[in-house]
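Please read the following note beside the sequence and the model.

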Amino acid sequence: MPVVVIVGAQWGDEGKGKVTDFLARDADYVVRYQGGTNAGHTVVIGSQEFRLHLIPSGIFYPDKVCIIGNGAVIDPEVLFQELDAFRDRGLQTARLFISDRAHLLLPYHRLLDELEEESRGKEQIGTTRRGIGPAYVDKVARRGLRVGELREPGWEDRVFQMVVEKNEYIQKLYGAQGFEPEEIVEYLRPYVDRLLPYLADTSLIIAQAVAEGKNILFEGAQGTLLDLDHGTYPYVTSSSPTAGGVCIGAGIGPTSIDLVLGVSKAYTTRVGEGPFPTELVGSQGEEIRQKGREFGTTTGRPRRCGWLDIVMLRYAVRINGINGLIITKLDVLDKMPKVRLCTAYRYKGELLTEFPASLRVLQECVPVYEELDGWQQDTGGARTFSELPAPAQNFVQRIAQLTGVPVVMVSVGPDRQQTVVLREVFSLLEEKIPSGSKGPLYS
Ligand code: IMP
């Protein structure tokens with residue numbers, strides 16, 4: 001049975017939480033492979049709304065196994081806040097494992113994130129200030145603390161030494177007050193006992209699950225355009241949310257992945273800074289923001305909103321090898337008399353159909369739009385493709401045509417029920433649709 005990857009095809013916040021939660025029904029394992037508490041997934045189950053930052057969305061199914069892979073960074077404070085909140089609400093949760101190779105995120109990372117952002121002045125990245133960048137910096141610089149080290153005697157000395165080093169930066173570079181090393185050791189101590197039972201060689205667990213033919217869902221956080229290598233650098237996160245990141249961040253070989261699903265909103269949003277060609281700054285942008293409740297789950301910041309950018313989506317299809325698209329929040333466009341798709345950029349008289357690497361170029365790109373009729377009807381009650389108004393069907397089909405990838409699912413509201421399945425996702429496997437194929441879109 002399949003190993004499926006769910007990736008964000010835009011700048012994050014595509015609604016991956018709902019999609020993962022929906023698909024997790026058929027999965028045995030749900031795995032996160034990168035990022036940390038910068039992610040914000042909202043899952044609505046009946047009248048209850050849950051916000052997750054670190055824990056995989058499959059946590060709400062007691063019969064599943066959830067894994068946080070080695071590619072993630074673990075903030076123990078937030079981890080246990082989330083786990084305690086589920087327990088306090090009387091929820092039965094999935095079994096959770098955390099890779100012993102994942103790196104720890106400690107309070108000095110959060111402080112450094114703040115200080116670095118402040119020091120960038122007008123050049124701020126707009127990070128979530130959750131310490132993500134500094135934690136990955138430590139990992140890449142080969143001085144980070146892996147959670148597995150907490151099993152070993154003398155971890156206190158390692159932490160103590162790290163704080164002493166960090167204080168050098170914090171005090172000398174930023175003139176700020178550092179931390180008492182003992183204070184951080186004592187802060188961490190109660191979490192250590194709680195963390196250890198969750199730790200495991202999660203790559204091994206996943207390999208065994210693959211060998212047993214289990215259904216495994218890899219849940220990307222953030223999105224393709226926030227990928228450290230393939231995103232709009234430097235306005236990116238410090239990990240690899242793209243499908244390739246699964247291999248590194250979960251310890252699984254590329255040959256074990258069967259299917260990659262890309263999640264995109266019916267429009268585009270972005271939090272944080274950086275160029276955004278299809279951004280709508282006027283009342284239409286505001287309408288999308290209000291209707292789509294486009295405010296960050298993690299930071300509460302208003303998200304920038306604009307039309308769906310097909311140039312970007314095609315880029316995401318290529319980088320991730322997306323086999324099927326999931327379009328979310330179609331209902332947010334319900335009242336629009338006309339809807340638009342950006343099919344190319346105009347740059348200094350040239351027509352660009354591929355996403356440029358240079359932010360300077362991207363900044364000056366003027367979107368070329370294809371305008372389609374809006375549907376001006378409520379789609380929230382649709383449960384099948386044929387129940388969608390004809391112009392909405394046309395909009396979805398046009399996205400599939402322009403990207404060359406079938407749309408397998410459309411979300412028309414936040415609830416689990418508000419989902420239109422065009423094709424059973426796992427049927428894609430049998431069809432063996434190659435990524436980017438121009439084959440028949442709807443059977
Ligand atoms: P960081 O990941 O906190 O370092 O932030 C880097 C960039 O990624 C900023 O533009 C953030 O707004 C953005 N970002 C990080 N996590 C998310 C997310 O889950 N959704 C959307 N944007 C995110």
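1. Val3 is buried, since its relative accessible area is 1%; buried means under 20% relative accessible area, exposed over 50%, and partly exposed in between, computed with a 1.4 Å probe on protein chains only. Val3 belongs to strand E1 (residues 3–8). Helices (H or I, at least four residues) and strands (E, at least two) are DSSP runs, numbered from the N terminus. Contact means heavy atoms within 4.5 Å. Leaving aside neighbours within four places in sequence, Val3 is in contact with Val210, Ile216, Phe218, Ile252, Ser256, Ile257, Asp258 and Leu259. Asp258 is 255 residues from Val3 in sequence, yet the two C-alpha atoms are 5.2 Å apart.

2. A word on the basis of these values. The model is predicted, so local features need pLDDT of at least 70 and side-chain atom pairs count only at pLDDT 80 or more, while totals for chains, interfaces and linings use all residues. Residues are numbered from 1 along each chain as its sequence is written, and side-chain values use heavy atoms, with hydrogens and water left out.

3. In what order do the strands of the open sheet stand? The order is E9-E7-E5-E2-E10-E1-E11-E14-E18-E19, which makes 10 strands with mixed pairing. The edge strands, each pairing on one side only, are E9 (199–200) and E19 (419–421). Two strands pair if DSSP finds at least two bridges between them.

4. Strand E2 (residues 29–32) pairs with strand E10 (residues 216–219) in the parallel sense over four bridges, and Val31 stands opposite Phe218 in E10. E2 and E5 also run parallel and are joined by four bridges; here Arg32 faces Ile68 in E5. E5 and E7 are again parallel, with four bridges, and Cys66 stands opposite Leu96 in E7.

5. Which way do the side chains of strand E5 (residues 65–68) point? Val65 and Ile67 point one way, Cys66 and Ile68 point the other way, and all are buried.

6. Helix H6 (residues 181–195) has 15 residues and reaches 21 Å from its first C-alpha to its last, close to the 21 Å expected at 1.5 Å a residue. The expected span is 1.5 Å times one less than the number of residues. H6 bends by about 35 degrees at Arg189, and Pro190 follows within four residues. The bend at a residue is the angle between axes fitted to the seven residues ending there and the seven starting there.

7. The buried residues of H6 are Pro181, Ile184, Val185, Tyr187, Leu188, Tyr191, Val192 and Leu195. Their cover includes helix H2 (76–88), strand E7 (95–99), strand E8 (103–104), helix H3 (107–119), helix H5 (155–173) and E9.

8. The structure holds eight aromatic pairs. Rings of Phe, Tyr and Trp (its six-membered ring) pair if their centres lie within 6.5 Å; planes under 30 degrees apart count as stacked, over 60 as edge-to-face and the rest as tilted. One aromatic cluster is formed by Phe80, Tyr187, Tyr191 and Tyr198.

9. Two charged side chains sit over rings. Arg25 lies over the face of Phe22, at 4.1 Å from the ring centre. The charged end of Lys64 sits over the ring of Tyr61, 5.2 Å from its centre. The criterion is that NZ of Lys or CZ of Arg is within 6 Å of the ring centre and within 35 degrees of the ring normal.

10. Two residues other than glycine have a positive phi. Arg129, with phi of about 60 degrees, is found in the loop between H3 and helix H4 (132–140). It is partly exposed because its relative accessible area is 23%. Arg142, with phi near 65 degrees, is found in the loop between H4 and H5. At a relative accessible area of 77%, Arg142 is exposed.

11. Two prolines close the note. Pro234, in the loop between E10 and helix H8 (244–250), is joined to Tyr233 by a cis peptide bond with omega of about 5 degrees. Pro356 lies in the loop between strand E16 (350–352) and helix H11 (359–364). Pro356 counts as buried because its relative accessibility is 15%. Not counting residues up to four places away in sequence, Pro356 touches Tyr345, Val361 and Leu362.
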